[in-house]
Amino acid sequence: MLDRFNIVNRLSPDRDLILTTVDTAVNLARANSLWYLLMGLACCSIELMQTGGPRADIDRFGSLFRATPRQSDLMIVAGTVTLKMAPRLRRLYDQMAEPKYVIAMGSCANCGGPFDLSYSVVRGIDKIIPVDVYLPGCPPRPEALTEALIKVQEKIKKERFFLKQEASQQRKTEQEKRGKDGSGIPFQGSSRY
Amino acid sequence: MELHNFITLIQERLAGKVLSVAEMKNDDVMITTDREHFAEVVAILKNNSSFRFSTLMNQSGADYTDTLAVMVNLYSGFLRRKVTVKAFLQRENPEIDSLVPLFRGIDWYERETFDMFGIRFLGHPNLKRLLLPDDWEGYPLRKDYVYPHSYNGMETGRADLLDVDAAGEAHV
Amino acid sequence: MSKYSSQEMVLNMGPHHPSTHGVIRFILQTDGEMMVKATPDIGFLHRGIEKIAERLPWQAFMPYTDRVDYVASVNCNLGYAVAVERLADITVPERAEYLRVIAAELSRIGSHFIGFGALLLDLGAVTPFVHALRERERYNDLMEMLCGARLTHNYVRIGGVAQDAPDGFAEKCLSFVDHLEYEFIGEFNNMISFNTILINRLANVGVISAATANDFTLSGPNLRGSGADFDLRRDEPYSVYNRFNFDVPKGTGKFGSLGDSYDRYWVRIEEVTQSCRIIREALRKMPKSGDIRTRLPKPFTVPAGEVYVRTEAPRGELGFYLVSDGGKQPFRVKIRTGSFSAMTIIEHISQGVMVADLVAIIGSLDVVAPEIDR
């Protein structure tokens, strides 16, 4: 119990008082209520629906699907992104409020997948938006998507929430190093990820 | 109706308007015409009371390397037969009459053929690109199409991390 | 129309929208809540599958036919395989034909669950969709046992199927089909299909007459919902469908006019029952052992020629127009899908309906984005 919740100290076994850090408490709340934006574009969206369905229920992790980016903090991009859809994807990502996370679900979102032979497909969404977890599979099983969600939760639990300035500065320098343009226009193209 | 009777009937009714009538696999018949008589042949097949090919099954285009072509597949519930009508077109400035006055549902099929091959359909109410963005250049399903390197500033290739140059950088 | 003066408004619906079945965009011109015109804008999932076909060998194109309609992938595989076999004159062994029919009918059941489940979700009923997903999970288990994959199955091969049914598959399949026909459908109908609210939402909405449906090349359940009696499995049989005894459900104006959205929804419910009958008969008649694939020559080439073959997919007629030049790769593959024609008719029947009814019409026509865009 102590390890699971990073509890610092429990004063005595019969009292209901737990000591912990503010970061731990806030991160616990944030990680266990990740609402995801339904970005189901192609075949992986059916597996996304099945993951929210009765057997592999993603709602037990506190995750709920939202149709609007303003109310969600996780974006699960499930499916192939074409060149026609790419500006809309970027616009939806920009509309989400910080802190936001992205799971690239399936081969097509990771690197173009089997549609690498095509002329109208974006080969990987990390050309457009920064990705936190890459989930391979064509399509990945619901258990795999649940594992990806748990990885995002672990990432959140390690963050230091109150040093917000430092965190967003860090993200900005990381983006610049990776050559991404954070302004809201479509990705300008770079030979590095 | 028997296949050879059907072919004889076509050759009688459409004499002078078709270039050839041949058997095709899957109990089908291929009628080849030229672009001036294409719409007329399809109209006769649809409206004539001994044919009644009133169901459109499919419309597509093809690029035969030196010519383009347009094909239409029709079905007649009266004869329980299928037929394919094909017309060859030249590669530069290909044009053919639209069949929208005969079949209202062929609208989007013709728009898609225009989008993929560049074949213009004369008399079509709204001939614009359908599947690709409006500012796309080129006609993808032609045999001499070159895949674009970028579209509106977005590069289409992806760097291979295992393929690095002397400075240790990967390029698209 | 009304005594209030109002102006027309242009509203954008999609491409990211919870009620469109995939990435489809509509530009709605509305006068308040009444629509004047709905123009679809498609192509957001155009992946160039027809161009990819020209770069791959004939057998290697099979996984891409899965992605043409990912909800019912075995039907698309079967359509392509039958087209190539007719062009190349390949015969398929008996046991493989029966396995193909069983897999295709299971795929049709799975697709109809998503079809009417998504319609009900769009109308606002969240629970029936979860009921349909629960049954679809059992279907996924069966398909995983047979094909190895849950969604994009890639089961049919040119000349047969990929692998044989394992032990225990026949019993599990029979128990699933019995559960569906005798337990699930009756309960589902009592709870949902005969529900007054659903009937009020779907009856007399989006009426399409049989003549209009034929003019716009509608096919499959959409055409049968308007009263036309045409099913490719019975009228132009392929594979071994001519040996089975099943009815073809058609719309009869059950709770409203003939050809409304309720008829199209009811045809899909009835088709699940008929597919159960076909599967039961196929499991009984299937030869107990035998080859499951014809050996193809290496390298596999198809003789030069052209063919157009159409098969009955859950969303309509799936037609493959193949052109071969005698080589190892297809020269041209044109895929004709049922959802493409269903999209063309939306523009024409959307005048004077309310926006909420447009959602019901799109759901009852059961369109999916990859079939439209390919």
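Predicted model: local features only at pLDDT ≥ 70, side-chain atom pairs only at ≥ 80, totals over all residues.
In chain C, helix H4 (residues 94-122) packs against helix H13 (residues 355-365) at an angle of about 175 degrees, and their axes are 8 Å apart. H4(C) is therefore roughly antiparallel to H13(C). On the H4(C) side the contact involves C:Ala118, C:Leu119 and C:Asp122, and on the H13(C) side C:Val359, C:Gly363 and C:Ser364. By class, the residues of this contact are 3 nonpolar, 2 polar and 1 charged.

Between chains, 26 residues of chain C are in contact with 28 residues of chain A. On the chain C side, helix H1 (49-53), helix H2 (62-66) and helix H5 (126-147) each supply at least two residues. H5(C) gives the largest share, 4 residues. The side of chain C that touches chain A has 14 nonpolar, 5 polar and 7 charged residues.

| Peptide bond | Omega | Loop holding the proline |
|---|---|---|
| A:Glu98 to A:Pro99, cis | near -10 degrees | between helix H4 (86-95) and strand S6 (101-105) of chain A |
| A:Cys138 to A:Pro139, cis | near -10 degrees | between strand S7 (133-135) and helix H6 (142-157) of chain A |

Positive phi values also occur in residues other than glycine. B:Asn93 has phi near 60 degrees and sits in the loop between strand S5 (81-89) and strand S6 (95-97) of chain B. B:Asn93 is exposed because 9 other C-beta atoms lie within 10 Å. C:Asn204 has a phi of about 65 degrees and lies in the loop between helix H7 (196-202) and helix H8 (210-215) of chain C. C:Asn204 has 16 C-beta neighbours inside 10 Å and so counts as partly exposed.

Note on methods: Residues numbered from 1 in each chain as written. Chains lettered and ligands numbered in written order. Axes fitted to C-alpha atoms, helices over the stretch in contact; angles between N-to-C directions. Parallel < 35°, antiparallel > 145°, perpendicular 65-115°, else oblique. Contact = placed C-beta atoms within 7 Å. Nonpolar A, V, L, I, M, F, W, Y, C, P; charged D, E, K, R; others polar. Buried ≥ 20, exposed ≤ 12 C-beta atoms within 10 Å, placed from the backbone.
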